[in-house]
Amino acid sequence: MKFQKNYLISGEIICSTGLHIGGSKDSIEIGGSDNVIIRDPVTRLPYIPGSSIKGKMRALLELALDRVTNGGPCKCGKCEVCRVFGSAADNISVSGPTRIIVRDSFPTEETLKMWDESSDVVEGAELKYENSLDRITSRANPRNQERVPRGSKFEFEIIVSEYEGDSDNLGVVLEGLRLLEDSYLGGSGTRGYGKVEFRDITITERPAEYYRGEAGENTLGNFEALADIQLSEE
């Protein structure tokens, strides 16, 4: 297979509602939460794992393109979803390497300042209090869980590769991002959590010659929102 180019998609993820991507905790402090979010082990601040974004995009695309098989992910190794996102390692029909890389997303400087100035935010998280109700006894079971607060922003970067014979890998990824905006990221999405928007998007094309020092990169556009992106067919 001959490598043709990479597309770099970068911008910001804006949390339109509170975001909960679960983490683990060895112990629970008094007054703390037993439903914690994932954090950077060095800074102790929240981040969005690339695996969370990539996994949700793939699941939504498989549903939208009718690629769900036996209730699970597609493993055909031939469709556009398998081509872009990869397939089972033992599937010999897979056409080359995975075409997408999704980086972990970390909070912007603006967001770090917002968190620091809010008395309700501790280490980048708020505590959301809820009740689960036993429908038989009507007994309430109070609980809380950590959320990244509404309005938080994270920087994101996605790399989409194109090889000889590929068809519109970039378009597949953009469709996945649009589907994600109309769904949710993380947990408890059906109860209002996890609505995100992708904003201030830049798409840069880097051909194979760029990496050999024989050509420059080409900015395809700077876009305020995903809805603004219209790609011309090659």
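Of the 234 residues of this protein, 43% count as buried, where buried means under 20% relative accessible area, exposed means over 50%, and partly exposed lies in between (1.4 Å probe, protein chains only). The model is predicted, so to speak from sequence alone to the reader's screen: local features need pLDDT of at least 70, side-chain atom pairs count only at pLDDT 80 or more, and totals for chains, interfaces and linings use all residues. Residues are numbered from 1 along each chain as its sequence is written, and side-chain values use heavy atoms, with hydrogens and water left out.## Overall layout

The secondary structure comes to five helices and eight strands, taken as DSSP runs numbered from the N terminus (helices H or I, at least four residues; strands E, at least two). From the N terminus on, the elements follow the order β-α-α-β-β-α-β-β-β-α-β-α-β.

## Aromatic rings

Let's turn to the rings. Rings of Phe, Tyr and Trp (its six-membered ring) pair if their centres lie within 6.5 Å; planes under 30 degrees apart count as stacked, over 60 as edge-to-face and the rest as tilted. By this rule there are six aromatic pairs. One of them joins Phe-3 and Tyr-163, edge-to-face, at 5.7 Å centre to centre and 70 degrees between the planes. Phe-3 lies in strand β1 (residues 3–15) and Tyr-163 in strand β6 (residues 153–163), so this pair ties together parts that are 160 residues apart in sequence. Tyr-210 and Tyr-211 also pair: the ring centres are 5.1 Å apart and the planes stand at 85 degrees, so this pair is edge-to-face. Ring pairs link Phe-3, Tyr-163, Tyr-210 and Tyr-211 into a cluster.

| Residue | Relative accessible area | Class |
|---|---|---|
| Phe-3 | 25% | partly exposed |
| Tyr-163 | 16% | buried |
| Tyr-210 | 28% | partly exposed |
| Tyr-211 | 43% | partly exposed |

## Charges over rings

A charge sits over a ring if NZ of Lys or CZ of Arg is within 6 Å of the ring centre and within 35 degrees of the ring normal. The charged end of Lys-56 is placed over Tyr-184, 3.6 Å from the ring centre. Over the face of Tyr-193 lies Arg-147, at 4.6 Å from the ring centre.

## Cysteines and the loop

How many disulfides does the structure hold? The count is zero, with a disulfide taken as a pair of cysteine sulfur atoms within 2.5 Å. For Cys-76, the closest cysteine sulfur is in Cys-74, at 3.5 Å, too far for a bond. For Cys-79, the closest is in Cys-76, at 3.6 Å, again too far for a bond. Cys-76 is partly exposed at 23% relative accessibility, whereas Cys-79 is buried at 8%.

Lys-75 has its place in the loop between α1 (50–64) and α2 (80–85). This lysine is exposed, with a relative accessible area of 53%. The C-alpha atoms of Lys-75 and Gly-86 are separated by 8.7 Å, and the two residues are eleven apart along the chain.

## The cavity

On a 1 Å grid over the protein atoms alone, a cavity is a set of points where a 1.4 Å probe fits but cannot get out, and lining residues have an atom within 4 Å of a point. A volume is the space filled by probe spheres set on the points. The whole structure has one cavity of 30 Å³ or more, and the largest cavity has a volume of about 30 Å³. Its lining consists of Leu-19, Ile-21, Ile-37, Ile-38, Pro-46, Tyr-47 and Val-148. By class, that lining has seven nonpolar, no polar and no charged residues; Ala, Val, Leu, Ile, Met, Phe, Trp, Tyr, Cys and Pro count as nonpolar, Asp, Glu, Lys and Arg as charged, and the others, Gly among them, as polar.

Conventions. 1 Å grid on protein atoms, 1.4 Å probe; cavity = no way out; pocket = protein on both sides within 12 Å on 5 of 7 lines; lining within 4 Å.
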